[in-house]
Amino acid sequence: MNELISINYENSERPTVSGRDLHEALEVKTPYTQWFERMCEYGFTENEDFGLVSQKCETNNPKNPYTVRNDHALTIPMAKELCMLQRSEKGKLFRQYFIKVEEAWNSPEMIMKRALEIANATVKKLQIKVSALTVDNQIMQPKAEYFDALVDRNLLTGIRETAKELHIKERAFVAFLLEKKYLYRDKKGRLMPFAPHVTGGLFELKEFTNEKTGFSSTQTLITPKGKETFRLLYV
């Protein structure tokens with residue numbers, strides 16, 4: 001089928017044609033704006049039969065170098081009716097052309113093609129969502145691991161964490177625990193709790209293994225009871 005006028009297929013639901021292109025192709029003598037307003041009196045509805053398209057155009061006026069020109073995107077059914085209303089050979093020719101455009105658009109092959117395009121677009125959207133979820137999971141994974149560790153530790157906190165939660169400087173908090181004989185430094189310089197305070201429920205000792213290095217170490221953790229005890233004692 002030879003193309004008599006450009007058809008816009010960007011809208012996946014229905015093709016359209018430029019009102020100004022059709023006006024020119026039909027060789028209508030009346031200016032486009034007046035002609036289109038008169039054609040709309042036949043009962044065409046905006047956003048159903050046509051849509052307004054504004055175009056920024058250059059002018060030869062240095063004081064006003066640009067102007068806005070209105071065009072309209074016409075549905076093929078509206079374009080057919082406009083051609084019929086012209087009652088001319090050109091009108092008849094273009095009406096027949098639009099009939100063929102509709103037939104091709106509604107053919108089983110074209111319907112299948114559009115269905116595949118919609119399906120592919122849907123798959124791409126899902127892929128984007130999956131990618132976004134993957135990124136979110138990667139961002140949240142360290143946080144999830146941190147909270148899992150808190151659960152595994154039964155809400156135990158380290159000395160630094162406890163000092164921060166109690167709004168005490170870490171050095172001052174450590175000095176307080178050493179002075180009051182809650183902690184001592186072993187031969188390796190590690191802060192370790194005195195046994196009575198472990199059995200008293202203020203501290204717990206946990207063995208941790210670094211998965212990368214395989215190195216194991218013992219960490220002194222403060223229980224919720226210990227945290228509340230030190231909060232009351234330090235105030």
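Before looking at helix packing, I noted that axes are lines fitted to C-alpha atoms, for helices over the stretch in contact, with angles running from 0 to 180 degrees between N-to-C directions. This is a predicted model, where local features need pLDDT of at least 70, side-chain atom pairs count only at pLDDT 80 or more, and totals for chains, interfaces and linings use all residues. Residues are numbered from 1 along each chain as its sequence is written, and side-chain values use heavy atoms, with hydrogens and water left out.

**Entry: two helices**

I looked up helix α2 (residues 32–40) and helix α3 (residues 76–86), whose axes come within 11 Å and cross at roughly 100°.

Which residues of α2 meet α3? I found W35, F36 and M39 on the α2 side, and M78, L82, L85 and Q86 on the α3 side; contact means heavy atoms within 4.5 Å. The residues of this contact divide into six nonpolar, one polar and no charged. (Ala, Val, Leu, Ile, Met, Phe, Trp, Tyr, Cys and Pro count as nonpolar, Asp, Glu, Lys and Arg as charged, and the others, Gly among them, as polar.)

**Entry: cysteines**

I searched the whole structure for disulfides, meaning cysteine sulfur atoms within 2.5 Å of each other, and got zero. C40 is partly exposed at 22% relative accessible area, whereas C83 is buried at 1%. (Buried is under 20%, exposed over 50%, partly exposed in between, with a 1.4 Å probe and protein chains only.)

**Entry: T75**

T75 sits in strand β3 (residues 66–75). Is T75 buried or exposed? It is buried, with a relative accessible area of 6%. Leaving out residues up to four places away in sequence, T75 touches R14, P15, E48 and D49.

**Entry: aromatic rings**

The whole structure gave me 10 aromatic pairs. (Rings of Phe, Tyr and Trp, the last by its six-membered ring, pair if their centres lie within 6.5 Å; planes under 30 degrees apart are stacked, over 60 edge-to-face and the rest tilted.) One of them is the tilted pair of Y184 and F194, at 4.9 Å centre to centre and 50° between the planes. This pair links distant parts of the chain, 10 residues apart: Y184 is in strand β4 (residues 183–185), and F194 is in the loop between β5 (191–193) and α8 (195–199). I also noted one aromatic cluster, formed by F173, F176, Y182, F203 and F230.

Methods
Helix = DSSP H or I, 4+ residues; strand = E, 2+ residues; numbered from the N terminus.
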